[in-house]
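Subject: Structure for you to look at

Hello,

Here is the structure I said I would pass on. My notes on its aromatic residues and its core follow below.

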Amino acid sequence: MSAVMIKAEPHGAARHPEPEPVDLPCDERRLAARFAAGDREAVAEVVAWYEVRITRLVRRLLLWPVVVGDVVQVVFVLALDGRSKFRGESRLETWLVRIAVNRCRAHHRRRWLRGKLFAAWREQRTIDDDREADAAAIATERAAAVRDAVSKIPIKYREVVVLFYLEEM
C-alpha cells in the first residue's frame, strides 16, 4: 500500500493549473493559425479535416438525423464567425467539438421548450374545446327550453314573441 501525499496549496492559489501548451503536429498548428488569421483556404481545409468528426459527434448527440446537417453547418459558421477568438491554447478540433456540443445542447433545449409549449397549448386547447362543448350544450338546452316555452304561448302572442325576441324585429 503506498501513501499519497497531498500538497497544501497556499491560500488563494488556483485550484486548476494553467493549461500546458498543446503539442500539435506542425501542419495542424499552422492550419489553426491560418484559420484564426482569416485565411480563406484554411477555412476550406478546416471543414475538410473536421467535417466527418463533427458530423459523427452531432449525429450521436442529437439522435435526430433530420437536423444533423443543419447543426453541423451552424457549427462551422459559428467557428468561422468566431475564429478570431481561437487562442490556440487547445487543438482546433477541441474548440470545434466544444462549439458542436454547445449547439447540440441548444438544440435539445429548443426541442424541450417546444415540447413544453406544445403540451401547454394542447392542454389549453382541450380546456377551450371543453368550454365550447359546455357552452354549446348549454345553448342547446336553452334553445330547447325557449322552444318549449314559446310553444305553450297562445298563437297570437307567440308570433309577437318570435318576431320581437327571436327574429329581433
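F35 and W95 are both buried. Please keep in mind that this is a predicted model.

The two residues also form a pair. Their ring centres are 6.2 Å apart and the planes meet at 65 degrees; planes over 60 degrees apart count as edge-to-face, so this pair is edge-to-face. F35 belongs to helix α1 and W95 to helix α4, so the pair ties together parts that are 60 residues apart in sequence.

In total, the structure holds 2 aromatic pairs. The other one is formed by W49 and Y50, again edge-to-face, with 6.1 Å from centre to centre and 65 degrees between the planes. Y50 has a relative accessible area of 5%, under the 20% limit, so Y50 counts as buried. W49 has 44% relative accessibility, which lies between 20% and 50%, so W49 counts as partly exposed.

Leaving out residues up to four places away in sequence, W95 touches F35, A79, G82, R83, F86 and S90.

Now to the core. The largest nonpolar core has 27 residues. The residues with the most contacts inside this core are F35, V46, I54, V58, L92, W95 and L96, so both members of the buried pair are on that list. Two or more core residues come from each of the helices α1 (26-37), α2 (40-62), α3 (68-81) and α4 (92-151). As a general point, nonpolar side chains tend to be buried together in soluble globular proteins.

Regards

Conventions
Residues are numbered from 1 along each chain as its sequence is written. This is a predicted model: local features need pLDDT of at least 70, side-chain atom pairs count only at pLDDT 80 or more; totals for chains, interfaces and linings use all residues. Side-chain values use heavy atoms; hydrogens and water are left out. A nonpolar core is a set of buried Ala, Val, Leu, Ile, Met, Phe, Trp, Tyr and Cys residues joined through side-chain atoms within 4.5 Å. Buried means under 20% relative accessible area, exposed over 50%, partly exposed in between (1.4 Å probe, protein chains only). Helices (H or I, at least four residues) and strands (E, at least two) are DSSP runs, numbered from the N terminus. Contact means heavy atoms within 4.5 Å. Rings of Phe, Tyr and Trp (its six-membered ring) pair if their centres lie within 6.5 Å; planes under 30 degrees apart count as stacked, over 60 as edge-to-face and the rest as tilted.
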